[in-house]
Amino acid sequence: MNIWVAFGVLTIGVIIWFVLVKRLSTRSWERHGSSVHVRHARGDIGEVGVPPARIALWVFLGVITSLFGLFISAYFIRMGHGHGAMHGISDWHPVSKPPILWFNTAMLVLSSAAMQAARHSVRLNQRGRVRGYLFAGGAFALLFLAGQLVGWHQLRDSGYGLTSGPASAFFYLLTGVHGLHLLGGLVVWVKTAARMRTRAVELIEVRLSIELCTVYWHYLLLVWLVMFILLLST
Amino acid sequence: MAYAAIADRDHAHALHDPQSFLTKYIWSQDHKVIAIQYTITAIAIGLVALTLSILMRLQLGFPHSFSLIAPQNYYQFITLHGMIMVIYLLTALFLGGFGNYLIPLMCGARDMVFPYLNMVSYWVYLLAVLILVGGFFVPGGATGAGWTLYPPQAILSGSPGAKWGIVCMLASLATFIVAFTMGGLNYVTTVLQARCRGMTMMRMPLSVWGIFMATVLGLLAFPALFVSAIMMTLDCLLGTSFFMPAVSSMGQPLGYNGGSPLLFQHLFWFFGHPEVYIVALPAFGIVSDLLSTHARRHIFGYRMMVWAILAIGCLSFVVWAHHMYVSGMNPYFGFFFATTTLIIAVPTAIKVYNWVLTLWRGDIHLTVPMLFAIGFIFTFINGGLTGLFLGNVPVDVPLSATYFVVAHFHLVMGVSPILVVFGALYHWYPKMTGKMLDDTLGRIHFWITFIGTYMIYLPMYYLGILGLPRRYYAWDEAIQFIPPSVHTMNKWITVSALFVAAVQLVFLFNLVWSLFKGKPAGGNPWRATTLEWQTPDTPPVHGNWGERLPVVYRWAYDYSVPGAKEDFIPQNVPPDKLAPIGHAH
């Protein structure tokens, strides 16, 4: 097994160990410094400690990491670089990447930046700016997804369909799974944006949603960058 | 305003009590109702799988007598039996059923932290079950690819259900994984965030630890199954070649090229091995609590038990290719994975020693739950030791795909965890319903099941050593190396299986009958220390704890504390309320 992979895994393991051990030894019932009044969907549940939704998002990000990590290792194995594959599989033909992918990447970066700005504006209590940045975040994400579909068409038109070979099949698969995850994030974005628009709602109540959306957005940007580099270089 | 932890939100008015029949019993967000929904659904689909296994055994024991079971039916039955039992019964029951019921109660919480998500997870699970069963009714019938669903055969025309059956199966699995992820987020977050005051992680009962670690395993391992399901669906429906090599069927080359069936095996078993620990770890945790309570003795080496659960969980991710020794993979991998497989036997063995040491010099009450717990120890040792045989490559090569493997995994997965399920149901039924299950019927159920499963699986080892291959519809009498005594033995096994299956009806009858006619149980009939037995109402009402959440002062195992007045001290008894000496861990 590749020594670097082993080293990487070990490092991740150690990091997880520290986080987990620290997490496990906390007493979840103890009071913390800041103040957030959270409205539960079914009514007011009063104040909470570290919001459970934040823990749940991080656990969910762990699940998604496992998912994409497995897709990527399948990609390597199919390409012939991973253990377990026979050397000399000669049917891997890198696909020519549609140029729109660069534009899409820029859209996703802008989307993440807008969400981060929204999160920052919440802290500064700038209501108008929050609304603006939030909408921009969603709009850029939608542009990204639209661009991905255009990229699919461009790829198919240049002769690489889903069944044209393993490289193109993986291209559609990886970008498709990533896009679906972004779409799921947009569902939450729609709910948050709707709450901001329709009611005279205190910023403090959407703060958690915006923060968690932003974390999710940054994570999907990271996944996209890793995949993009992978797809470009192979 | 200051942060207040979930544990400090004492006001019961925060939870809006459901009012109508529909919101109380059907679209319920109460973890106890959801747990019972999961349990009933899991047992129902489990009975379907049990029936399939009876049909299989009838074919194997009396091959010429049942013409209604054609060879393709037989393969459909083994596939569905395996998939249902492992995933839709055991995983759903231990995590969705016991996890949902016990985690909030044992941690002193009012409910799971995401009750709506919890409810949705059950209905998505039910959808997954319905899609799975629907596989029998699509053109071509259910898939007959074996529960491992190996390509290329799974989607080639020789296998039953090679078009729609396999798609049904994969869709059902993907749906289940979505349901499981929703539930899993709940279990993990509740354990981390919603423990009551004083309930540190190292004061939690081992049942919660087992379910918690199993959930973490599931959240990280099920994506591997999801990945392989997506890729195989694309291969089947859209003609991609992720797993499909260049292959011809009936003389015609299919369009596939260059895929790797071995890739599927790696992905599947990367999920598949943690999956068996997802089934085993809750069983380990629960049996620790059963033994402790009914032997009136603290669990021996609680800290080691927790570390063993964590170690087994982590190690379970690096042993998967011991299912692939004969797959043609690089033989050096066999060396690596055999080593890790033997290493994982160490924490498992430590747990077994600790269970036995818990019983040593204990005040053992041979109640029905205790019988099942002790039965677990016997059958798990038996099945587990044969795992050491199979974990070694040279021994596995001749035994692979024989009945030796079948006997091994049935004992460690089918018999031992099921004995724990029964023991746990007998143990917690009084809490869930306020009534005791009938004791006599319970003992009949135990002894016939326990002895019967030995009569099924011990001889099966010998069949495997003889070389009797598995996944065969029938063995032609002309096959030289299979003596006639094998066929007699198969008859014996089938008849034993029929008895064991029949006695489960006694259990089902007991479950329903005791609901109406069972002896009233009171709040804590087993005199247990854990929090779920300290609720003000039995069965616990919505919100579990009444006005105030409990506060915990000690670990979950203060049984037979020297100097104490009673032979048990509940976790939530304050130190100043103890007579003579109080122990706080």
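This is a predicted model: local features need pLDDT of at least 70, side-chain atom pairs count only at pLDDT 80 or more; totals for chains, interfaces and linings use all residues.

Reply:

**A helix pair in chain B**

Residues are numbered from 1 along each chain as its sequence is written, while chains are lettered from A and ligands numbered from 1 in the order in which they are written.

Now the numbers for the pair. Helix α2 of chain B covers residues 31–61, and helix α3 of chain B covers residues 71–107. Their axes come within 8 Å and cross at roughly 155 degrees. Axes are lines fitted to C-alpha atoms, for helices over the stretch in contact, and angles run from 0 to 180 degrees between N-to-C directions. α2(B) passes α3(B) in a left-handed crossing: the near helix is turned anticlockwise from the far one by less than a right angle. The contact of α2(B) with α3(B) has 22 nonpolar, nine polar and one charged residues. Here Ala, Val, Leu, Ile, Met, Phe, Trp, Tyr, Cys and Pro are nonpolar, Asp, Glu, Lys and Arg are charged, and the others, Gly among them, are polar.

Next, the setting. Chain B has 14 helices and two strands. Helices (H or I, at least four residues) and strands (E, at least two) are DSSP runs, numbered from the N terminus. The C-alpha atoms of chain B fill a box of roughly 80 × 55 × 50 Å, taken along the principal axes.
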